[in-house]
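Please consult the sequence and coordinates alongside the text.

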Amino acid sequence: MATFGKAAVAQQPEATIHGDILEAILSHVPLIDLVPASHVSKSWNRAVSSSLRAVNKPAPWLILHTQGSRPPYATAAHAYDPRSRLWIEISHPSIKHNSALRSSSSNLLYMLSPCRLSFSTDPLHLTWREVSSPLMWRIDPIVALVGRQIVVAGGRCDLEDDPLAVEIYDVDSSTWTAGDSMPADLNDSAASAWLSIAASESTLYLTEKQTGVTHSFDPETKKWHGPYALRPDNRIFYSVIGFSGDRLILIGVIGNADNVESLKVWEVDSETFECEEVGEMPGVLVEKLSSEDVPLSSIGVCMAEDFVYIYNPAEAEELFMCEFVGGGGCRWRSVENVVERDRNLTERLAFTCSKVGIEELQRAMRSEGRRFTVKVDR
């Protein structure tokens, strides 16, 4: 009969986790913790890559940027990762103050002053570029990244001759050029407060939030096209547009500010501007979006890949997520905004959204002064 003493036990090989079991375990690990896990060994690195590719893929992060309203105008950032369903605090060196921090086209973060334009376009906003400001000063222009060009348009200023002026900054040549002025029918609404914009690699689309009147702009030819009517339902009283992957998406709020009936999502053909309905927010979430205390006069939206984040700018304690699923349709859920819960109401708030993978996190963690910490509910 064999005997098993301490020496025999000590000689037994240590059990290892590998293959499908390891991949399944890693699929439940937050993305920020997969970075150190990928450095354990070559087999773990392969398991991390396989898990992210086939089991639980990375999803676009919604990043909330706050900026203090008083000197030194400190900035902070928190991200929601839908893959892990966690809020993450991003510690980083404070952004050099230029002017009010703003966002546009889901992932363009910028500050525009009479002296300079500062902007960042990478997913986690690790790098910033500072350039000269447009020649014409504007109070509230639309600012959009179209391919490798930044379009600055409208933003009425009584000191300037043309409130519809358009200027284009070429990122590669570092030069500003003028484009055709915005269409005259936008004279009373040529500002970001009244217009929703969406940008592809080649075209800028803008729509009046109240009427659905839509135009497109080609930075290469510097020409405008339109108008087009983007109103698939006459009951829409407020609408916004954006790109989800390569699809132009329209989100319309139906009813009125005091009585919101529904919120619907359409895919828009960017050539014909015909709309096809792809989803409707469940009624219970519509009730949460439209607070009884504050009329729903507007909505904010950030999009990337197959995810759309929707919020009420006047009361953003809860965020709403729409995920486009294969075969058509949407998957909806709500997310508590833990940043809004703790935020000083005097701070400015800007939203960006972009796919964040392990490569972006590895690059960020190598950057000086950056740290990612899971934010635990109190």
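## Helix α4

Ala47, Val48, Ser50, Ser51 and Leu52 are the buried residues of α4, where buried means under 20% relative accessible area, exposed over 50% and partly exposed in between, with a 1.4 Å probe and protein chains only. Helices (H or I, at least four residues) and strands (E, at least two) are DSSP runs numbered from the N terminus. The 14 residues of α4 (residues 42-55) should span 20 Å at 1.5 Å a residue, and the 19 Å between its end C-alpha atoms agrees with this; the expected span is 1.5 Å times one less than the number of residues.

The model is predicted: local features need pLDDT of at least 70 and side-chain atom pairs count only at pLDDT 80 or more, whereas totals for chains, interfaces and linings use all residues. Residues are numbered from 1 along each chain as its sequence is written, and side-chain values use heavy atoms, with hydrogens and water left out.

Strand β2 (residues 75-81) has six of its seven residues buried, so the rest of the structure largely encloses it. Its pairing with β1 (residues 60-67) is antiparallel and comprises six bridges; two strands pair if DSSP finds at least two bridges between them. Within this pairing, Ala79 of β2 is the bridge partner of Ile63.

Strand β2 is also joined to β3 (residues 86-91), by five bridges in the antiparallel sense. Here His78 lies opposite Glu89 of β3. The two strands β2 and β3 make a hairpin with four residues between them, and Arg85 in the turn has a positive phi of about 55 degrees.

## The sheet β4-β5-β6-β7

An open sheet of four strands has the order β4-β5-β6-β7, with antiparallel pairing.

Strand β5 (residues 108-112) is mostly covered, with five of its five residues buried. Leu108, Tyr110 and Leu112 point one way from β5, while Leu109 and Met111 point the other way. Three antiparallel bridges connect β4 to β5, and Ser103 has Leu109 of β5 as its bridge partner. These two strands form a hairpin with three residues between them; Ser105, in the turn, has a positive phi of about 50 degrees.

On the β6 side, four antiparallel bridges join β5 to β6, and Ser120 of β6 is the bridge partner of Leu109. Strands β5 and β6 likewise form a hairpin, with three residues between them. Four bridges then link β6 (residues 116-120) to β7, again antiparallel, with Ser118 opposite Glu130 of β7.

## The sheet β8-β9-β10-β11

Another open sheet has four strands in the order β8-β9-β10-β11, paired antiparallel. Its edge strands, β8 (142-146) and β11 (175-179), each pair on one side only. The twist from one strand to the next averages 25 degrees.

Strands β10 (residues 166-170) and β11 run antiparallel and are joined by five bridges. In this pairing Tyr169 stands opposite Trp176 of β11.

## Pocket and cavity

The second largest pocket holds about 370 Å³ of space. On a 1 Å grid over the protein atoms alone, a pocket is an open set of points with protein on both sides within 12 Å along at least five of seven lines, a cavity is a set of points where a 1.4 Å probe fits but cannot get out, and lining residues have an atom within 4 Å of a point. Grid points are joined across faces, edges and corners, and a volume is the space filled by probe spheres set on the points.

The lining of this pocket comprises 18 residues, with Ala59, Phe307, Glu323, Phe324 and Arg331 nearest its centre. The elements giving two or more residues to this lining are β22 (318-324) and β23 (330-336). By class, nine lining residues are nonpolar, one is polar and eight are charged; Ala, Val, Leu, Ile, Met, Phe, Trp, Tyr, Cys and Pro count as nonpolar, Asp, Glu, Lys and Arg as charged, and the others, Gly among them, as polar.

One cavity of 30 Å³ or more is found in the whole structure. The largest cavity has a volume of about 40 Å³ and a lining of eleven residues, of which Trp137, Arg138, Gly155, Asp162 and Pro163 lie nearest its centre. This lining divides into five nonpolar, two polar and four charged residues.

Notes. Axes are lines fitted to C-alpha atoms, for helices over the stretch in contact, and angles run from 0 to 180 degrees between N-to-C directions.
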